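Subject: Structure handover

Hello,

Here is the structure we talked about, with my notes below it. Please read the notes with the structure open beside them.

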Amino acid sequence: MPGKRWRAVALALLATLLVTMLVVTASGLLHPYGQIVRVAYEIERRGVVYSWGGGHAETPGPSTGTCLGYHGSIQPCPAARTRGLDCSGFTRWVYAQALGEDVLGPGNTDDHLRRLRRVTSALPGDLVFFGKITNNSVSTHHVGIYLGGGKMMNAPETGAMVRVDDIRRKDFAGFYRY
């Protein structure tokens with residue numbers, strides 16, 4: 001009988017621990033992934049527009065962009081008069097709001113990728129990069145926030161709003177985590 005009682009107590013403790021972990025995980029206290037995705041959807045609902053170079057001011061968030069290096073289809077370049085976000089400005093702002101500090105910092109997709117670690121199994125809230133990454137070089141050109149199910153939230157291109165898109169593209173470079 002003592003063995004059965006001990007097993008029952010152990011199972012009850014294990015069940016309590018699992019429920020506690022689920023509650024903590026769901027509340028975002030164990031990891032920030034749920035918070036990152038929640039913030040991304042809040043920004044999408046605001047209808048934030050894409051702006052080449054937008055989101056790269058001293059602090060994260062929408063800003064006017066730049067026409068320096070712009071090769072978009074909308075001419076003349078609207079970025080210098082458009083307050084919004086480009087792809088890395090978007091991910092920077094989401095992470096800053098979700099984590100409470102500017103962890104990605106200034107810079108472009110290559111700069112942000114260097115602050116992260118590559119993962120083979122993505123979780124919603126991880127970043128998904130596009131371009132070319134080798135052992136010797138990093139040359140990315142787009143980033144989004146992985147939502148799960150092959151989808152990402154991103155600021156895709158001039159003339160578009162922050163939106164959900166498929167991640168299946170020929171230039172997929174990998175998933176990265178803070």
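Ser139 is found in strand β5. Strands (E, at least two residues) and helices (H or I, at least four) are DSSP runs, numbered from the N terminus. Before going on, note that this is a predicted model, in which local features need pLDDT of at least 70, side-chain atom pairs count only at pLDDT 80 or more, and totals for chains, interfaces and linings use all residues. Residues are numbered from 1 along each chain as its sequence is written, and side-chain values use heavy atoms, with hydrogens and water left out.

Ser139 counts as partly exposed, at 45% relative accessibility. Buried means under 20% relative accessible area, exposed means over 50%, and partly exposed is in between (1.4 Å probe, protein chains only). Not counting residues up to four places away in sequence, Ser139 touches Asp110, Gly131 and Lys132; contact means heavy atoms within 4.5 Å. Ser139 and Asp110 are 29 residues apart along the chain, while their C-alpha atoms are separated by 6.4 Å.

**The chain as a whole**

The protein chain has four helices and eight strands. Along the sequence they follow the pattern α-α-β-β-α-α-β-β-β-β-β-β. Of the 178 residues in the protein chain, 42% are buried. Taking contacts between residues at least 6 apart in sequence, 55% join residues at least 24 apart.

Pro76 is found in the loop between β1 (63-64) and β2 (83-84).

**The sheet**

In what order do the six strands of the open sheet lie? The order is β3-β8-β4-β5-β6-β7, with antiparallel pairing. Two strands pair if DSSP finds at least two bridges between them. β3 (117-119) and β7 are the edge strands, and each pairs on one side only. On average, neighbouring strands of this sheet are turned by 50° against each other, direction ignored. For such angles, axes are lines fitted to C-alpha atoms, for helices over the stretch in contact, and angles run from 0 to 180 degrees between N-to-C directions.

- β3 and β8 are antiparallel and pair over three bridges; Arg118 has Tyr176 in β8 as its bridge partner.
- β4 and β8 run antiparallel and are joined by four bridges. Phe130 stands opposite Phe172 in β8, and Leu127 stands opposite Tyr176 in β8.
- β4 and β5 run antiparallel and are joined by seven bridges. The bridge partner of Gly131 is Thr140 in β5, and a hairpin of four residues joins β4 to β5.
- β6 and β7 are antiparallel and pair over four bridges; Lys151 has Asp166 in β7 as its bridge partner.

Why is β4 described as largely enclosed by the rest of the structure? Because five of its seven residues are buried. β8 is also largely enclosed by the rest of the structure, because five of its six residues are buried.

Helix α2 (residues 33-45) lies across β5, β6, β7 and β8 (172-177), running at about 95° to β5. α3 lies across β4 (127-133), β5 and β6, and runs at about 45° to β5.

**His112**

His112 is found in helix α4 (residues 109-113). Is His112 buried or exposed? His112 is buried, with a relative accessible area of 1%. Leaving aside neighbours within four places in sequence, the residues in contact with His112 include Ser88, Thr91, Arg92, Leu104 and Phe129.

**The largest pocket**

A pocket is searched for on a 1 Å grid over the protein atoms alone: it is an open set of points where a 1.4 Å probe fits, with protein on both sides within 12 Å along at least five of seven lines, and lining residues have an atom within 4 Å of a point. About 360 Å³ of space lies in the largest pocket. Grid points are joined across faces, edges and corners, and the volume is the space filled by probe spheres set on the points.

The lining of the largest pocket has 21 residues, of which Tyr50, Trp52, Cys87, His141 and His142 lie nearest its centre. The elements that give two or more residues to this lining are α3 (87-99), α4, β5 (138-148), β6 (151-154) and β7 (163-166).

Regards
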